[in-house]
Structures are given as structure tokens and as C-alpha cells.
Amino acid sequence: MSAPAPAPHPASSPSTRSIALSAAGQPRACSGNCGAACTGKQPGGHALADFRALAGRMDINGPRYTSYPTADRFHGGFGEADYLQALADCAAQPAPLSLYVHIPFCENICYYCGCNKIITRDHGRSGRYVHYLVREMALAAARLGARREVVQSHWGGGTPTFLDAAEMRRVMDAMHAHFDLLPEGEHSIEIDPRRVGDAQMALLAELGFNRVSLGVQDFDAEVQQAIHRVQSQAETRAVVDAARRLGFRSVSMDLIYGLPQQTAARFAATVEQVLAMRPDRLSVYSYAHLPHVFKPQRRIDERALPAAAEKLDILVGTIAQLTAAGYVYIGMDHFALPDDALAVAQREGRLQRNFQGYSTHAGHDQLGFGVSSIGAVAGRYVQNARTLDEYYGALDHGTLPVMRGFATDAEDRLRREVIGALMCNGVLDIAALEARAGIDFATHFAAELDELATLAGDGLVRIEPARIEVTPLGRLLVRRVAMVFDSYLRADAGRAAQAAQAAAPARDADVGTPVKTPAEAPLRYSRVV
Ligand code: SF4
């Protein structure tokens, strides 16, 4: 089936143009005059048409940059001693914190799942897990000395609502025992609407959560059968209504496109049903089919997956649908209502990214609790053990269950700032960065500026002496823009080029060795479109 077409640019019909060209023959960035859906900042009809034309060429594998360096660069050489030092450094500079709590249990398997989860119906297992979670919190908090304020907390999974009322109270009591959770902060929890009723919603409100995030994925019956996640719109609506009644400040929903049996028309119907519930935030993730990495995905019938062109139609149609309904495109896969804190923060140029995606509170150190959770403390990233046995074993020995991590240096932090500015606020103030970091931007990032010039030619960025601006088209491919500043990808590319050269010594000098660019990032990352 065909996609709902994005609104055509008034100055040119889709049949006569795919990429608007400037007088210089370069794809031009949106002037902001192309119609109601395009404000010059948001990807409206103009940028969507250009995106459709560029997507095939740009659809490469790339990181999502919830951290920089990305989590695949973390290593086992970083251990508990390094984390303890990070906590000591954090203790020396008291500032509000962010907390992440991972609950890995789920009752049913969703076939598309790529999360670290444990499928079980045995609630005895969660009781034991909570016991260790509380222990881990006490160990970490003891290293911080004085009680610290918490401006943001998030329970993710798995399914956090797998815990029963007593277990939830126990975890929340432990958090309050060690930290001051500020009532004005953001305290969120991921909810499976199939498992939550009015009583549990009331409990979440009583425990101090003020934001809920609901997994939806797709309301189409055939898609739900194909992914083994049957969830009616009515039960989802009941949770949203309860959240509104109970005064939760924000309701967010997750959708996934690219799932088996999906078509643009079917997904458009799901989006309509979602819009009827008017969530404050929406995430529309691209399904990455990697059955060699994620075992549950082997149960997905590959023949039922939408073809690349259909998947692109779904994405373009969804962006057009959501922006036409008044949602602000925050970036990558995130949308928000104009008065939501994310949209306001972006307008004010203070949006950031953390492990939960876009955030208004990402500048704070984050402590992660539970299996596989990731923290960011005093310039270090730290990730916990991935299995329950390793996690319990470390805590039984009175040690923090660190599996791996990464200590950033000044160069990492500089590049993180550049990537963050481009991904979150769509603009990099070069002069301000030079003053802060004491660098000459053009010299320091000469190779990056060369590569960026190509993306400027494609209309993804505008490069000026004092700033780099991501265009509305570039915001749809912002991971590709960010990858330019990833020095680890660049080093990978250099090594791959050297290896290719060594493997082909007799190659014709006129042909040369193909140079692998950072654009050709490895398969461990998902596609950027
Ligand atoms: S998608 Fe979510 S609910 Fe489904 S199995 Fe994975 S973690 Fe559990």
C-alpha cells in the first residue's frame, strides 16, 4: 500500500522535483517559507521531500550517541576501583544527581526485543532482585557522603511494573533513604499497559512518579500477532486516562516502525489512534532486525518485514502526520507537544542527551542501579554486570557490580559537546566553543570540516565561520552529521583502510585503495534512517 504523502512544497510539485537546487546547483536548505508544516526549523514538506530523495544514500549504520564515546567503546579494563574513584570525585563536588534503576523482568517475550531482560512469571525472582538492588544503592550512596538531591530518576527495563506493590515500595524507600528526590524533578517509569490497572497507577502516583512512558509499538492486530505483543487501544487508553486523572505531568508513548506486517497505511492508522490520546511526548523508533544478535528476533518472519521503500514511506508519513498534528520534531525519533519541557528546552537551546535519549537534565552525574545499567559519574561511564549471577555475586562480596566502563579525556569531552550541540539544539557556536576549550576550531577539526562540506553540499548543514547549523533536512539525518565528529569511528576507518591496503599490495596504483570513511560504520550500530 502507498504512504500518506507528505505535503508538497507549494513552489514545486513532487513530480517535477525531488531535491530543490539553489542557483549554485547545491541542494538548498529550507528558507522557512514552504508551508504550514515547515517553520524553517522543523522538517516540513520541503525537508521531507529532500529526505526521501537522500535516504537511500545516507542509510548507513551509526551510533545513537546517548553517550560519547558510545557504549561499545566501554572496556573491561575499567573496574570497581575506577568507579569508586569516580564516586569519590563526585562526592568532592556535591551537585544534584540523576538516577536510573533497571528492572529486567518481563512476563512475555516480544519478538522484536533487543533489551537486556529476563522472561519469567516467577515473582519470587523479583523479590530477590529487589533485595540486591537495595544493597547496591546503599553501597554507592555510602561513597557519596552527604545526602544528594535528585532532579531526575527513571525506572526502565524490562518491565518495571513487573514488581508488585511491596517490591516497588521497597525500592522507592531505599531511594528516599539515601537521596533527596526533589518533588519538582522528573521522576519517570516505563509502563506496560497490559499489566497496569487503576490501583497500580494510583500506587505510582503515591510513590512520587510524575511521568509515565507507555510501550505501544503498533495497534494493528496483525502486526501485534507477528510481534507477539497483543495490546488493545482500550487498555492503553485506560492507563492514559488514569495518568491524567492522577495528575501525572507527562505521558509519553513509544512506537516502532519497520515491524512485520506493517504498511504505511496501517501505521498511519495506529498514529491516528495514538494522536487521539494526545501524549505529551512520542518516540518513533526504527526496528533493527538483527537476529544474529537478538535471539527473540529469530521468531520474526523476515518475509513479513516491510521493504526499505515501504519503511521509508512509514517514516516520512509519520513525521508529516505528527508535525501536522502540532508536535515538535525534537530530533532522531522524538516528538513532543510545543509546551512540553523537551520542546521548551530545545527552543531555549538547553536540550541535552543522556542514556534515556533527549533530556532537560542531562548535565548531572547519573548513577545506574541494577543489571546492565549504565551510569555517568565525574567524567567516567560505568556499566554493571549483565547477568543476575554476576550482579548478585559481586554484591555478595560487598563490591559494586562493575562490568566495564570508560574514563573520558578532554578530547572526548570536547567532541561530546560538539555532538551534543548539533544533535540537541541543531547549532554549534564555534566562537563560544573556541573560547571555552582554547582551540582553533578550523585547525582542530580540519578533517571533520572537509567531511562536513560534503554534507553541506547535500543540504544537511550550513557552515559559517562562526557557527554550524543543522538544517531541517539535516535534523532528519542528524546521526550522520554527528558521526563526522566521532574520532573512534574515524580511527576504525583508518585501521580498516590500512588493513585493506595490506591485503591488496599488488593493487593497481591508478585505482588506489578504497578508503573507508566514518560513514561506513560497523554493523553493531542500527541504521541512521
Ligand atoms: S520489548 Fe519490553 S516488554 Fe517486550 S520483552 Fe522486551 S523488555 Fe520486555
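User: Which residues of H4 are exposed?
Analyst: This is a predicted model. In H4, Ala165, Ala166, Asp173 and Ala177 are exposed.

User: And which ones are buried?
Analyst: Met168, Val171, Met172, Ala174 and Met175 are the buried residues of H4. Seen down the helix axis, they fall within an arc of 150°, so they line one face of H4. The exposed residues are on the other side.

User: Why would residues a few places apart end up on one face?
Analyst: An α-helix has 3.6 residues a turn, so residues three or four places apart point the same way.

User: What do the buried residues of H4 pack against?
Analyst: Strands E2 (97–103), E5 (148–157) and E6 (179–191), together with helices H3 (123–144) and H5 (198–207).

User: What span should H4 have, and what does the model give?
Analyst: H4 runs over residues 165–178; at 1.5 Å a residue its 14 residues should span 20 Å, and the end C-alpha atoms are 20 Å apart, which agrees.

User: Switching to the core. How many residues does the largest nonpolar one have?
Analyst: 129, and Leu99, Tyr257, Leu422, Val481 and Ala482 have the most contacts inside it. Helix H12 (residues 410–425) gives the largest share, 7 residues.

User: What is Leu99 in contact with, beyond its sequence neighbours?
Analyst: Leaving aside those within four places, Leu99 is in contact with Val150, Ser153, Met175, Phe179, Leu367 and Phe369. Met175 is also one of the buried residues of H4.

Technical notes: Residues numbered from 1 in each chain as written. Predicted model: local features only at pLDDT ≥ 70, side-chain atom pairs only at ≥ 80, totals over all residues. Helix = DSSP H or I, 4+ residues; strand = E, 2+ residues; numbered from the N terminus. Expected span 1.5 Å × (residues − 1). Buried ≥ 20, exposed ≤ 12 C-beta atoms within 10 Å, placed from the backbone. Arc of directions from axis to C-beta. Contact = placed C-beta atoms within 7 Å. Core = buried A, V, L, I, M, F, W, Y, C linked by C-beta atoms within 7 Å.
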